[in-house]
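Please consult the sequence and the structure shown here while reading.

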Amino acid sequence: MRRRSSVLTFAVAAASFACADAPTAGPLMPAEALFSNSPVVAQATGLGQSQLPAGFSLLDYEFNATQFANGRANGEFRIFWASGLGTNDYRGTVTCVSVDPVNHRAWIGGVVTQNNSTHPTGGEARKQVGRDIWFRVVDYGEGSASLPDRTTVAGFEGDAGIITSAEYCQTQPWAAGDVNTWPRVAGNIQVH
């Protein structure tokens with residue numbers, strides 16, 4: 001019952017998530033995630049914004065990703081950021097999740113279900129509906145003494161030589177020093 005309550009809390013928070021620069025939609029909470037008969041082996045949730053380099057907007061993200069003992073994954077996500085050339089705006093369905101429980105890292109892979117990007121590179125074939133998409137996050141804990149949680153922007157087929165979301169979740173790439181991950185400035189990321 002406690003997990004159901006925390007998932008419902010996330011759904012309420014996701015429903016209220018909004019960014020002045022980003023178009024919004026309803027909450028990202030598939031009902032199937034609430035009633036699975038298989039035990040949960042990994043879970044990552046997040047809702048917030050991270051600081052990208054100069055010239056970019058904040059990175060807005062919301063995600064709910066669950067890996068079950070039967071090998072099935074479940075969840076949805078949205079990733080949005082902008083630059084002077086336009087927006088990058090992707091929604092997806094989760095197909096895989098892997099977690100490093102020692103370092104509180106998660107790799108989330110899926111399939112693009114919506115591409116509402118206006119940036120010129122958003123039109124690339126590898127970023128369209130039905131194609132693989134992925135990102136990674138780290139949960140550095142709660143409280144003022146902890147480092148800020150971090151996330152990446154989206155990766156797509158061919159990035160860093162990776163072809164599929166399944167390959168991404170299996171190989172769990174992570175650069176030393178959290179390179180190419182961006183610090184959270186609002187919200188929270190949790191990895192279980």
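The model is predicted. It contains 1 disulfide, 7 salt bridges and 7 aromatic pairs. The disulfide is formed by C96 and C169. Salt bridges with shared partners join E124, R126, K127 and D159 into one network, and ring pairs link Y61, F63, F77 and F135 into a cluster.

**Disulfide**

- The sulfur atoms of C96 and C169 are 2.1 Å apart, and the two residues form a disulfide; the cut-off for this assignment is 2.5 Å.
- The link between C96 and C169 is right-handed, with 75° about the S-S bond.

**Salt-bridge network**

- Side chains of opposite charge can pair when their charged atoms come close.
- E124 forms a salt bridge with R126, in which the closest N and O atoms are 3.0 Å apart.
- E124 also forms a salt bridge with K127, and here the closest N and O atoms are 3.6 Å apart.
- R126 has a further salt bridge, with D159, at 2.8 Å from N to O.
- R126 lies in the loop between β5 (105–115) and β6 (132–138), whereas D159 lies in the loop between β8 (155–156) and α2; the pair therefore ties together parts that are 33 residues apart in sequence.
- Through shared partners, these salt bridges join E124, R126, K127 and D159 into one network.
- How accessible are the members of this network? R126 is partly exposed, at 23% relative accessibility, and E124 is partly exposed at 29%.
- D159 is likewise partly exposed, with a relative accessible area of 25%, whereas K127 is buried, with a relative accessible area of 8%.
- K127 is classed as buried because its relative accessible area of 8% falls under the 20% limit for that class.

**Aromatic cluster**

- Y61 and F63 form a tilted aromatic pair, with 6.1 Å from centre to centre and 40° between the planes.
- Y61 is buried, at 2% relative accessibility, and F63 is buried with a relative accessible area of 1%.
- The ring centres of F77 and F135 are 5.2 Å apart and the ring planes stand at 65°, so this pair is edge-to-face; the edge-to-face class requires planes over 60 degrees apart.
- F77 is in strand β3 (residues 73–83) and F135 is in strand β6, so their pairing ties together parts that are 58 residues apart in sequence.
- F77 is buried, at 1% relative accessibility, as is F135, with a relative accessible area of 2%.
- Ring pairs link Y61, F63, F77 and F135 into a cluster.

**Positive phi angles**

- H104 has a phi near 60°, a positive value in a residue other than glycine.
- H104 is located in the loop between β4 and β5, and this residue is partly exposed, at 36% relative accessibility.
- D178 also has a positive phi, near 60°, and is a residue other than glycine.
- D178 is located in the loop between α2 and β9 (182–191).
- D178 counts as buried, at 12% relative accessibility.

Note on methods: Residues are numbered from 1 along each chain as its sequence is written. This is a predicted model: local features need pLDDT of at least 70, side-chain atom pairs count only at pLDDT 80 or more; totals for chains, interfaces and linings use all residues. Side-chain values use heavy atoms; hydrogens and water are left out. A salt bridge is a side-chain nitrogen of Lys or Arg within 4 Å of a carboxyl oxygen of Asp or Glu. Buried means under 20% relative accessible area, exposed over 50%, partly exposed in between (1.4 Å probe, protein chains only). Helices (H or I, at least four residues) and strands (E, at least two) are DSSP runs, numbered from the N terminus. Rings of Phe, Tyr and Trp (its six-membered ring) pair if their centres lie within 6.5 Å; planes under 30 degrees apart count as stacked, over 60 as edge-to-face and the rest as tilted.
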